[in-house]
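Visitor: Could you take me through one part of this model up close? I'd like to hear how the pieces there sit together.

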Amino acid sequence: MGERKPNKVTQAALLKQIIKRCSSIGKKHWYDVVDGLPLDVPKGHFPVYVGVNRSRYIVPISFLSYPEFQRLLRWSEEEYGFNHDMGLAIPCEEDVFQSLTSMLR
C-alpha cells in the first residue's frame, strides 16, 4: 500500500479553519478592519506561536502543503484543539520548529 494523497477538500477546509483562527489572535497587534488580520502579517502568511514561551513566527501559507508541517498542525490540534483564543500554537521546541521551517523554505 502506498501513502495516501492528501484530500484537497480537506486541505482547503483546514486552511480556512486556520486562517479563521489566525484572524482572531491576541489583541496586542493592530488589525486590518477589512480583513481582520494583523497588519504586521504579510498577505500569504499567518502567525503561529511556538514553544513554552509562545514565541511568534510568521510562516507562509505554502507551508500548509508540506506533510511535515501538516503533522505539526495535527499535533497542535490533538494537544490544544482549534477552539481557543491563544492563536495557533505549535507544541514543539523552538529550535525544532526553526530547523523544520528552514528545510521547507
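Guide: Let's start in the loop between β1 and β2, which is where R54 sits; helices (H or I, at least four residues) and strands (E, at least two) are DSSP runs, numbered from the N terminus. A quick note on the basis: this is a predicted model, where local features need pLDDT of at least 70, side-chain atom pairs count only at pLDDT 80 or more, and totals for chains, interfaces and linings use all residues. Residues are numbered from 1 along each chain as its sequence is written, and side-chain values use heavy atoms, with hydrogens and water left out.

R54 isn't a glycine, yet has a positive phi of about 55 degrees. R54 is partly exposed at 29% relative accessible area; buried means under 20%, exposed over 50%, and partly exposed in between (1.4 Å probe, protein chains only). The β1/β2 hairpin has 4 residues between its strands, and there G51 takes a positive phi near 80 degrees.

Now the strands themselves. β1 (residues 45-50) has 5 of its 6 residues buried, so the rest of the structure largely encloses it. β1 pairs with β2 (residues 55-60) in the antiparallel sense over 6 bridges, where pairing needs at least two DSSP bridges between two strands. Across that pairing, F46 stands opposite V59. β1 also pairs with β3 (residues 89-90), this time in the parallel sense over 2 bridges, and Y49 has A89 as its bridge partner there.

Leaving out residues up to four places away in sequence, S76 touches G81, L88, A89, I90 and P91, contact being heavy atoms within 4.5 Å. S76 is buried, at 1% relative accessible area.
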